[in-house]
Amino acid sequence: MPIKRHRRKLANGEEKIYTYVVSGDGSRRQSLSAHESSDSLQIYRGKEFCRIVAALQANSSLLVVGEAGCGKTFLSQAITAELTEMNFQVAVTKPGTVKQILSEIAAQLGVDTENLDGKALSTMGLMKEIADWLLVNTAFLICDNAHRFPVSLRCWLDQLHTQGQPILLLANYPPARDIFLKLPRIELEPMAEKATRAIMLEAAAELNLELTPAQLASLQQRVGGNPMLAKRVVREEYLGLDGQALDHTQWFDITPYIIAALMCLVLIRFIGLGFNNKSLYLLGGIITVSVAVIRLILYSLPRSKGRLGQ
């Protein structure tokens, strides 16, 4: 039976993706479960998908981290659709002010946002009302781009986690503090070449663009397993743009190795001292000062990262 996907736009602007199989005559269709859809669902992260759904059903919270464009949002949409298909209540949030996020959660869960006098609850009132509702009801909180959430909201989520509320946070390498430090972490690795190639072919088909195997191989070297970049380089090829720069974040920092190699050269100073060789002794002293200066310069450089996802 053919596999089809259906996108449904919710009132909050989010899109849910439902995957199902359709009989030959179109009279029957069956939703795919997490295990059945792990390979066929076009999230290309079936392993992580099944683990996250199973963990949430086991009343556990998780933190999913990865660079921008690695597929966190698409993965969260698939997980939301799966949990909804299982008849669970799910509240999906996105960055905003604390009041906006809390109001969105309350609206999705059906929590009353007014007090007995008919006035809108304050931020603290919403926090308490939602927390009390979650104590007696089963629901899942899915927070995308959680690294952009205000600290006060993260502290509230931490309190919910303490009371046993299952929460899924998705973030771009968040700081190691508050709730980010407490949750078990799944880091999304770069996608396999087969998956990124499939994404690129799908993007090319939408643009009616034919790519040769040589073009695909050349473009694939620029994406580093990042699905968003995979789509972008195809569009750049379609527009005839010469985008040769690599801007994914799969890089190795060799600075410690350079420092270690230079420190080994410092041994020349001691060798010169042992053999009473003034030339080696002076050379070792120069290298020692050079290493100290280079180390000072490297550690004084600004830490802002200009690459995508950093």
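Student: Which residues in α8 meet α10?
Tutor: This is a predicted model. The α10 side of the contact is made by Pro227, Ala230, Lys231, Val233 and Val234. Facing them in α8 are Thr196, Ile199, Met200, Ala203 and Ala204.

Student: How many nonpolar residues are in the contact of α8 with α10?
Tutor: Sort the contact by class. One residue is polar and one is charged. The nonpolar count is eight.

Student: Is α8 roughly parallel or oblique to α10?
Tutor: Two packed helices are described by the angle between their axes and the distance between the axes. Here α8 (residues 193–206) and α10 (residues 227–238) have axes 9 Å apart and an angle of about 40°. Roughly parallel needs an angle under 35 degrees. Therefore α8 is oblique to α10.

Student: In which hand does α8 pass α10?
Tutor: The angle is about 40°. The crossing of α8 with α10 is right-handed.

Student: How many residues does the largest nonpolar core have?
Tutor: Several elements give two or more residues to this core, including β4 (62–65), α4 (98–109), α5 (123–136) and α6 (151–162). Among the residues with the most contacts inside it are Leu109, Ile130 and Trp156. A second, separate core includes Ala55 and Val92 and has 21 residues. The largest core has 32.

Student: What does Trp156 touch, leaving out residues up to four places away in sequence?
Tutor: Trp156 is one of the residues with the most contacts inside the largest core. Its partners are Leu102, Ile105, Met127, Ile130 and Ala131.

Terms used: Residues are numbered from 1 along each chain as its sequence is written. This is a predicted model: local features need pLDDT of at least 70, side-chain atom pairs count only at pLDDT 80 or more; totals for chains, interfaces and linings use all residues. Side-chain values use heavy atoms; hydrogens and water are left out. A nonpolar core is a set of buried Ala, Val, Leu, Ile, Met, Phe, Trp, Tyr and Cys residues joined through side-chain atoms within 4.5 Å. Buried means under 20% relative accessible area, exposed over 50%, partly exposed in between (1.4 Å probe, protein chains only). Helices (H or I, at least four residues) and strands (E, at least two) are DSSP runs, numbered from the N terminus. Contact means heavy atoms within 4.5 Å. Axes are lines fitted to C-alpha atoms, for helices over the stretch in contact, and angles run from 0 to 180 degrees between N-to-C directions. Angles under 35 degrees count as roughly parallel, over 145 as roughly antiparallel, 65 to 115 as roughly perpendicular and the rest as oblique. A crossing is left-handed if the near helix is turned anticlockwise from the far one by less than a right angle, and right-handed if clockwise. Ala, Val, Leu, Ile, Met, Phe, Trp, Tyr, Cys and Pro count as nonpolar, Asp, Glu, Lys and Arg as charged, and the others, Gly among them, as polar.
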